[in-house]
Amino acid sequence: MTPPRPSPLPPSTPASRFPYARGADGGPRLVYGADYNPEQWPREVWEEDVRLMREAGVTTVSVGIFSWARLQPGPDTWELGWLDDVLDLLHAGGIGVDLATATASPPPWLTTAHPEVLPVTAAGETVWPGARQHWRPTSPVFRRHALRLVRKLAERYADHPALVAWHVNNELGCHNVHDYSDDAARAFRDWLRERYGTLDALNHAWGTAFWSQRYTAWEQVLPPRLAASHPNPTQQLDFKRFSSDALKEYLRAEREVLRELTPGVPVTTNFMVMGGTRGMDYADWADEVDFVSNDHYVVPGPQARDELSFSANLTSGIAGHRPWFLMEHSTSAVNWQPVNVPKKPGELVRDSLLHVAHGADAVCFFQWRQSAAGAEKYHSAMVPHAGADSEVFRSVVRLGGILGALAPVAGSVREPARVGVLFDWDSWWAAEQDSHPTSRLDYHREALDWYSALLALGVRADVVTPRSDFGGYDVLIAPVLHVVPAELAKDLTRYAEGGGHLVTTYFSGVVDENDHVWLGGYPGALRELLGIRVEEFGPLLDGESVALDRPGDAAGGDLAGSVWTDRVTVTGQDVEVLASYADGAYAGRPAVTRRTTGGGSAAYVSTRLGPEGLAALLPGLLAPAGVASELPASARGRVELTVRRGADARFLFLVNRSDEAVPLPGLVGVSGEVLAGQAESGADGDLVLPPRDVTVLRHPLTP
Ligand code: GAL
């Protein structure tokens with residue numbers, strides 16, 4: 001039996017609270033803009049800014065993100081006149097404002113009068129002012145001052161015609177997610193009381209029988225501060241959960257003030273779904289905002305483009321596949337990597353459109369005008385130091401035109417793929433804790449490797465979270481799904497027995513929600529479902545690898561495992577060994593297995609194969625579900641295809657990830673109205689995608 005296909009969500013409309021810009025015809029169009037920091041510039045520059053914004057097709061800017069010290073120079077002094085002028089000027093230029101609550105960086109007068117708002121590290125050091133975001137998420141003093149500022153801004157600008165959305169704080173948790181102060185300790189105890197009710201329950205969950213850690217009064221419970229050896233693992237895991245919740249709670253506090261005073265104005269905050277940013281469980285935050293926003297920066301490396309696609313895709317999953325807002329990315333180089341490489345020609349536009357391909361209905365940059373002073377003066381912007389007479393600004397103008405032409409895409413939703421990749425913050429946090437079989441396990445990298453392999457094969461996939469309805473995917477890949485509570489084990493069993501094809505990996509199903517091992521052999525919670533039993537983990541030393549044999553692979557040696565191996569025994573019926581260890585401690589034992597479960601299956605990959613190895617293995621795992629690439633063979637890996645679906649049309653995004661022209665011979669359904677990109681044809685009439693370019697095609701849906 002094939003599980004039901006996920007049905008596309010109804011296309012969102014402006015009524016969905018997404019702050020769409022308006023096109024010439026009055027209909028919704030994609031948003032285009034940047035963080036705008038006019039307080040860094042004299043007034044004459046503001047006029048030029050608005051003129052250039054109009055030239056670039058900018059529709060919306062985020063204002064006031066780091067303006068607290070300018071807006072409130074002292075506890076009872078307010079200077080809002082300049083912001084009035086900025087908003088008026090932008091409005092006169094037809095540009096909407098996503099107004100920040102300005103609470104991201106507390107001013108010196110506040111931290112001098114109240115040093116007790118400053119965060120404290122695990123080692124007890126104070127995080128001093130001097131940069132930004134030096135505040136404790138749980139500080140009542142900080143909250144009182146911050147909410148006063150939020151109230152002031154909401155009262156003043158409630159009816160300003162430029163206001164299209166509220167931008168709470170900025171990248172909550174970017175620098176202050178883990179605070180170990182006394183405020184944090186108090187709030188952590190409250191959070192634990194709420195979670196466990198009694199100290200007995202806490203003692204059980206934290207396994208405090210170990211190392212004489214039994215608590216007899218709540219006051220004894222602390223955040224996992226610097227300790228003599230590994231702090232209690234469940235204490236560490238709960239502190240991560242608590243820290244994410246504490247920021248979520250702070251987000252709610254600002255949002256409630258805004259909702260009280262401006263109920264008609266949507267509220268968002270910019271998430272950081274990018275690379276290894278792991279402190280905030282955004283899947284759990286998504287319901288707190290009126291629309292999801294994300295910031296993303298490309299970090300150079302062999303999987304840079306894959307990571308962009310993965311993060312945009314995950315953002316879409318977090319947003320329930322509804323359109324989301326790309327609040328920040330960069331026009332070219334950033335300033336915070338060891339070496340900050342500029343983007344190649346075409347990448348500015350291509351990277352932006354890849355986000356749109358994955359459901360972004362807004363494309364914004366950090367920042368509008370490159371700063372002349374301060375820590376980010378070498379970070380690219382829409383108007384670089386060189387000024388408007390520059391390649392970057394010309395690309396910015398080009399992108400503005402393309403986004404204008406893509407107006408019909410606004411409000412469409414990503415069409416579900418047949419493959420889901422499950423991404424789970426709890427497993428991320430728990431699998432990488434200290435005192436484990438290896439410190440080399442990298443949760444995000446393993447998930448990204450699977451995604452890279454799917455991209456290499458040209459197979460569309462959705463990155464989803466345990467909160468998503470994953471039951472409709474034909475194939476569900478759950479890499480390193482380490483934390484498997486009993487309910488999730490049941491859901492996954494139902495999924496596979498109902499016809500779904502589950503694929504999971506090493507160190508999955510090992511612990512429950514308290515980080516207690518499921519006993520009787522690994523992967524405890526999934527043992528029956530997978531039909532295997534692992535008696536012992538065999539992590540590999542750096543540089544070590546093991547060869548795998550596959551039946552029917554005459555040449556052999558196309559798969560090599562690293563980081564991890566398992567001593568696997570097949571215990572269930574209907575288990576096929578897809579690959580075995582050819583050497584190493586477990587030579588001759590199964591390395592990759594698949595159990596057939598009714599119409600579905602449950603596969604286990606016991607070692608790290610990396611993107612290439614997974615690309616070699618995956619076709620065999622996808623075959624039982626009948627999933628294959630929709631791209632011609634020559635384009636696989638070089639072109640990414642995504643599909644968005646609106647009320648009356650499908651939109652195909654064909655993104656050339658490579659530096660060469662890619663022909664797309666015989667792509668099914670390639671015809672259609674070209675909304676963006678060149679419909680350049682090769683000699684035989686096939687579409688040819690220029691290097692680093694994107695073509696967007698519109699296919700009307702016939703009723
Ligand atoms: C973000 C932040 C921006 C800017 C940007 C630079 O993390 O929100 O304010 O610092 O990074 O890449």
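# Why these labels? Questions on a predicted model

Reader: Where does V480 lie?
Author: V480 sits in the loop between β15 (475–478) and α15 (486–497). Helices (H or I, at least four residues) and strands (E, at least two) are DSSP runs, numbered from the N terminus. This is a predicted model, in which local features need pLDDT of at least 70, side-chain atom pairs count only at pLDDT 80 or more, and totals for chains, interfaces and linings use all residues. Residues are numbered from 1 along each chain as its sequence is written, and side-chain values use heavy atoms, leaving out hydrogens and water.

Reader: Why is V480 called buried?
Author: Buried means under 20% relative accessible area, exposed over 50%, partly exposed in between (1.4 Å probe, protein chains only). V480 has 0% relative accessibility, so it counts as buried.

Reader: What phi does V480 have?
Author: Its phi is positive, about 40°, although V480 is not a glycine. D515 also has a positive phi, near 65°, and is a residue other than glycine. D515 lies in the loop between β16 and α16. At 13% relative accessibility, D515 counts as buried.

Reader: Which peptide bonds are cis?
Author: One runs from F366 to Q367, with omega near -5°. Q367 is in the loop between β11 (360–365) and α12. Another joins Y522 and P523, with omega about -10°. P523 belongs to the loop between β16 (501–505) and α16 (527–530).

Reader: What makes D238 and R195 a salt bridge?
Author: A salt bridge is a side-chain nitrogen of Lys or Arg within 4 Å of a carboxyl oxygen of Asp or Glu. The side chains of D238 and R195 meet at 3.6 Å, N to O, so the pair passes. D238 is in helix α8 (residues 233–261) and R195 in helix α6 (residues 182–196), 43 residues apart.

Reader: What about E391 and R394?
Author: They form a salt bridge, with the closest N and O atoms 3.4 Å apart. Both lie in helix α12 (residues 391–405), 3 residues apart, about one turn of the helix. E391, at 57%, counts as exposed. R394, at 42%, is partly exposed.

Reader: How many salt bridges does the structure hold?
Author: It holds 54. A network of salt bridges links R143, E249, R252, R255, E256 and E288.

Reader: What distance makes R460 and E630 a salt bridge?
Author: Their closest N and O atoms are 3.0 Å apart. R460 is in the loop between α14 (443–457) and β14 (461–464), and E630 in the loop between α17 (610–622) and β24 (639–645), so the pair ties together parts that are 170 residues apart in sequence. R460, at 16%, counts as buried. E630, at 39%, counts as partly exposed.

Reader: Which domains does the protein have?
Author: The domain assignment gives domain 1 (21–193 + 225–414), domain 2 (419–625) and domain 3 (637–700). These bounds come from an automatic or database domain assignment.

Reader: How do you know that domain 2 and domain 3 are in contact?
Author: Contact means heavy atoms within 4.5 Å. By that rule, 5 residues of domain 2 are in contact with 6 residues of domain 3. Together the two domains bury about 420 Å², 51% of it on carbon and sulfur atoms. L455, A456 and R460 supply 89% of the area that domain 2 buries against domain 3, more than any other three residues. Buried area is the accessible area (1.4 Å probe) that two parts lose on being put together, summed over both.

Reader: How many salt bridges does the rule find across the interface of domain 2 and domain 3?
Author: It finds 0.

Reader: Why is T111 called buried?
Author: Its relative accessible area is 6%, so T111 falls under the cut-off for buried. T111 is found in helix α4 (residues 108–113). Not counting residues up to four places away in sequence, T111 touches P106, V117, L118, P129 and H134.

Reader: What makes V546 buried?
Author: V546 has a relative accessible area of 6%, so the label is buried. It is found in strand β18 (residues 546–549). Leaving aside neighbours within four places in sequence, its contacts include L540, L559, Y581 and D583.
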